[in-house]
Amino acid sequence: MRRTAPTVRRRPPGSPFSTPEIPAPPVEEYAVGDRVSHDKYGLGRVLAVEQDVAVLIDFGTATYRVPAPNAKLVKL
């Protein structure tokens, strides 16, 4: 018996399973001096920015280099 490749099932337009693609959230860009909040380290200030690589942040007690993408980092 010959196996065939699986076919893609097309769903009707009104189907609850045909969900539209959700666009990715915009990438935040940081500048020196920006205030930020990190889930683990708390509030801090951006000291240096390495484009598309990492952000160097002073959290008061310590300085950390947070690599991109910064999922836990929020610009205030």
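The conversation below moves from the whole chain to single residues.

Visitor: Where does this model come from, and which order do the elements of the chain run in from the N terminus on?

Guide: This is a predicted model, and that should be kept in mind throughout. The chain holds zero helices and five strands. Read from the N terminus on, its elements therefore follow the order β-β-β-β-β.

Visitor: What share of the residues in the chain is buried?

Guide: A residue counts as buried when its relative accessible area is under 20%. The accessible surface of the chain comes to about 6800 Å², and 56% of that surface belongs to carbon and sulfur atoms. Of the 76 residues in the chain, the buried ones make up 18%.

Visitor: How many salt bridges does the structure hold, and which residue meets Lys-75 in one of them?

Guide: Side chains of opposite charge can pair when their charged atoms come close. The structure holds two salt bridges, and in one of them the side chain of Lys-75 takes part with a distance of 3.5 Å from N to O. The partner of Lys-75 is Asp-34.

Visitor: Why does the pair of Lys-75 and Asp-34 tie together separate parts, and how many residues apart are they in sequence?

Guide: In the salt bridge between Lys-75 and Asp-34, Lys-75 belongs to strand β5 (residues 73–75), whereas Asp-34 sits in the segment before β1 (35–38). Lys-75 is partly exposed at 35% relative accessibility, while Asp-34 is buried at 17%. Because the two residues lie in these separate places, the pair ties together parts whose distance in sequence is 41 residues.

Visitor: Which residue forms a salt bridge with Arg-65?

Guide: The contact is made between side chains, at 3.0 Å from N to O, and it links strand β4 (residues 63–67), where Arg-65 lies, with strand β2 (residues 42–50), 15 residues apart.

Visitor: How many aromatic pairs does a search of the whole structure find, and what is the angle between the planes of Tyr-41 and Phe-59?

Guide: A pair of aromatic rings is described by the distance of the centres and the angle of the planes. The search finds three aromatic pairs, and the one formed by Tyr-41 and Phe-59 has its centres 5.3 Å apart. This pair is tilted, with an angle between the planes of 45°.

Visitor: Which residues do ring pairs link into a cluster?

Guide: Tyr-41 is partly exposed at 30% relative accessibility, whereas Phe-59 is buried at 9%. The rings of Phe-59 and Tyr-64 have centres 5.9 Å apart and planes at 50°, so this pair is tilted. Ring pairs therefore link a cluster made of Tyr-41, Phe-59 and Tyr-64.

Visitor: Is Gly-44 buried or exposed, and which residues is it in contact with?

Guide: Gly-44 lies in strand β2, and at 2% relative accessibility Gly-44 counts as buried. Leaving aside neighbours within four places in sequence, the contacts of Gly-44 are Asp-34, Arg-35, Val-36, Ile-57, Asp-58 and Phe-59.

Visitor: Which residues is Asn-70 in contact with?

Guide: Asn-70 lies in the loop between β4 and β5, and Asn-70 is buried, with a relative accessible area of 16%. When neighbours within four places in sequence are left aside, Asn-70 is in contact with Tyr-30 and Val-55.

Terms used
Residues are numbered from 1 along each chain as its sequence is written. This is a predicted model: local features need pLDDT of at least 70, side-chain atom pairs count only at pLDDT 80 or more; totals for chains, interfaces and linings use all residues. Side-chain values use heavy atoms; hydrogens and water are left out. A salt bridge is a side-chain nitrogen of Lys or Arg within 4 Å of a carboxyl oxygen of Asp or Glu. Helices (H or I, at least four residues) and strands (E, at least two) are DSSP runs, numbered from the N terminus. Buried means under 20% relative accessible area, exposed over 50%, partly exposed in between (1.4 Å probe, protein chains only). Rings of Phe, Tyr and Trp (its six-membered ring) pair if their centres lie within 6.5 Å; planes under 30 degrees apart count as stacked, over 60 as edge-to-face and the rest as tilted. Contact means heavy atoms within 4.5 Å. Accessible areas come from the Shrake-Rupley method with a 1.4 Å probe; for residues, only the protein chains shown count as cover.
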